Amino acid sequence: MSSEAIRWMNTAARSLMNLTMMIIEPTSARLLPDPLQEPYYQPPYTLVLELTGVLLHPEWSLATGWRFKKRPGLDSLFQQLAPLYEIVIFTSETGMTAFPLIDSVDPHGFISYRLFRDATRYVDGHHVKDISCLNRDPAKVVVVDCKKEAFRLQPYNGVALKKWDGNSDDRTLFDLSAFLKTIALNGVEDVRTVLENYALEEDPLEAFKQRQSRLEQEEQQRLADLSRTKNQQLFLGSLTSRFWPRSKQP
């Protein structure tokens, strides 16, 4: 075999290897720039959202072809969480597909950064979002996806929602907003300590609502018991004063 043929084969092999690594590995070990410093505002937490199945639902008809329906509560989610979370769209879609969709759902610019399929890590047939490449403190990062495989490398950083089927009565994003606001407003030091409690739940948001309702009922019962105790003490004090009136001062 001639030296020219060997060089060609080596070049082809290197090109194939580079292409393979582009598919398997993220495009960078630091997918996001450094957090903002004063006088600019950096939200204390980072929220990583999938696009399709979480925020949008693809629909096809003969009249319109492919269109993407916006999930109820999406605008409210952005508005309520933007002061608390740096919002990052990290999707397994390609940039060519996702970029115009993100523009259409975020006219007010709540989304800080956009990451696409080339930023994922390809593992066992799944596009995995490796948050160790985000250049953010993992203790402050929440990933929301409709596939647990998407955050399999950091399972306690993720919330897996049921894939949205396009139902217009869906309330999931409103529940998600309440859940994430609770984490942020309580100043949770490490979100993984909270999310781990919901990792095995089929519907983590429903589990959260049930726990919240139970806590509210317990608090109402505690206040009711406290009120009864105070009323009993006041009654006994009044009764005692009748039987043993205080002596009049001279």
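The questions and answers below concern a loop position and its neighbouring strand.

Analyst: This is a predicted model, in which local features need pLDDT of at least 70 and side-chain atom pairs count only at pLDDT 80 or more, while totals for chains, interfaces and linings use all residues. Residues are numbered from 1 along each chain as its sequence is written, and side-chain values use heavy atoms, with hydrogens and water left out.

User: Is P43 buried or exposed?

Analyst: P43 sits in the loop between helix 1 (3-24) and strand 1 (45-49). Helices (H or I, at least four residues) and strands (E, at least two) are DSSP runs, numbered from the N terminus. Buried means under 20% relative accessible area, exposed over 50%, and partly exposed in between, with a 1.4 Å probe and protein chains only. Because its relative accessibility is 13%, P43 is classed as buried.

User: Which residues is P43 in contact with, leaving aside neighbours within four places in sequence?

Analyst: Contact denotes heavy atoms within 4.5 Å. With those neighbours set aside, the contacts of P43 are A82, P83, L84, Y85 and E86.

User: How many bridges pair strand 1 with strand 4?

Analyst: Two strands pair if DSSP finds at least two bridges between them. T46 stands opposite E86 in strand 4. Strand 4 covers residues 85-90, and its parallel pairing with strand 1 has a bridge count of five.

User: Which residue of strand 8 is the bridge partner of L49?

Analyst: Strand 8 (residues 141-145) runs parallel to strand 1, joined by four bridges. Within strand 8, L49 has as its bridge partner V144.
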